[in-house]
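Let's walk through this model together, starting with the chain as a whole and then turning to a few local details. Keep the structure open as you read.

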Amino acid sequence: MWATEFRRRTALAAALLLAAAAVHAQAPVGLPPPKVMPRVDALPTPATKTPVDLEALARGFAGAAASPGLPGADEPRLIVFISLSMPEATLARLVDQAARARAQLLLRGLTEGSLPRTAARIQQLIGTRPVAVQIDPRAFDRYAIQRVPAFVLARAGGTEIACSGEQCARSDDHVIATGDVSLDYALDHFQRSAPAFAKDAGRFLARLGRRE
């Protein structure tokens, strides 16, 4: 009887050792668990008819030409520089006017460093309206934007070059207005103060229901 019990315990101990060896082989000692990189296509998005395109948002200004509703290279471009920390009423007005005028909204960076939170906040603002919103700190440097909201009307075919820390867009390629004003007010200002841009400003005003 003693010999039988001894053999049983020996077999059990051997089985436990084999099981431990198998686990050890699958999870080497001293190696950290593999890092799982976040997938942009797997980030949560609000359920609406026109959800924010996280990939386009992350790509920034370089992908603007491919965004629906934006003018092509042979058309003038209207850019509205904003911050999500601006008053809600101001943001709502600019989003509505940008959608109708087919202007582009630009942000300098992410909300709390989070792409999903930024996308959710933008989605809350734009709802189902077709408006292009992107992140591009380079554009803030290119046009030396220090305050928001700021409005830039860039002529068709204007030169855009990479730069940092200073204005580097040609001054004769665009006009700028800043202040807590509406988009149509800024376009009216361009028409009055910059005759060379009056026709382009009038095109955007017409989309807002204003005569040139």
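What percentage of the 212 residues of the chain count as buried? In this predicted model, the figure is 39%.

Now for the fold itself. You will find seven helices and five strands in the chain, and following the sequence they come in the pattern α-α-β-α-β-α-β-α-β-β-α-α. As for contacts, take those between residues at least 6 apart in sequence: 73% of them join residues at least 24 apart.

The chain has a mean pLDDT of 73, and 58% of its residues reach 70 or more. Over residues 10-50 the pLDDT stays under 50, and the model has 21 contacts beyond four places in sequence for this stretch. Residues 60-70 also have pLDDT below 50, with 24 contacts in the model beyond near neighbours in sequence. Where pLDDT is low, the predicted coordinates should not be read in detail.

Let's move to a pair of helices. Two packed helices are described by the angle between their axes and the distance between the axes. For helix α6 (residues 183-193) and helix α7 (residues 198-207), the axes come within 8 Å and cross at roughly 155°. An angle over 145 degrees counts as roughly antiparallel, so α6 is roughly antiparallel to α7. Their crossing is left-handed. On the α6 side the contact is made by Asp184, Leu187, Asp188, Phe190 and Gln191, and on the α7 side by Ala198, Ala201, Gly202, Phe204 and Leu205.

Finally, some backbone details in the loops. Val148 and Pro149 are joined by a cis peptide bond, with omega about 0°; Pro149 lies in the loop between α5 (137-142) and β4. Arg102, in the loop between α3 and β2 (104-107), is not a glycine but has a positive phi of about 60°. Its relative accessible area is 40%, so Arg102 is partly exposed. Glu112, another residue other than glycine, has a positive phi near 55° and sits in the loop between β2 and α4 (115-126). Buried or exposed, how does Glu112 count? With 64% relative accessibility, Glu112 counts as exposed.

Technical notes:
Residues are numbered from 1 along each chain as its sequence is written. This is a predicted model: local features need pLDDT of at least 70, side-chain atom pairs count only at pLDDT 80 or more; totals for chains, interfaces and linings use all residues. Side-chain values use heavy atoms; hydrogens and water are left out. Helices (H or I, at least four residues) and strands (E, at least two) are DSSP runs, numbered from the N terminus. Buried means under 20% relative accessible area, exposed over 50%, partly exposed in between (1.4 Å probe, protein chains only). Contact means heavy atoms within 4.5 Å. pLDDT is the predictor's confidence in each residue, from 0 to 100. Axes are lines fitted to C-alpha atoms, for helices over the stretch in contact, and angles run from 0 to 180 degrees between N-to-C directions. Angles under 35 degrees count as roughly parallel, over 145 as roughly antiparallel, 65 to 115 as roughly perpendicular and the rest as oblique. A crossing is left-handed if the near helix is turned anticlockwise from the far one by less than a right angle, and right-handed if clockwise.
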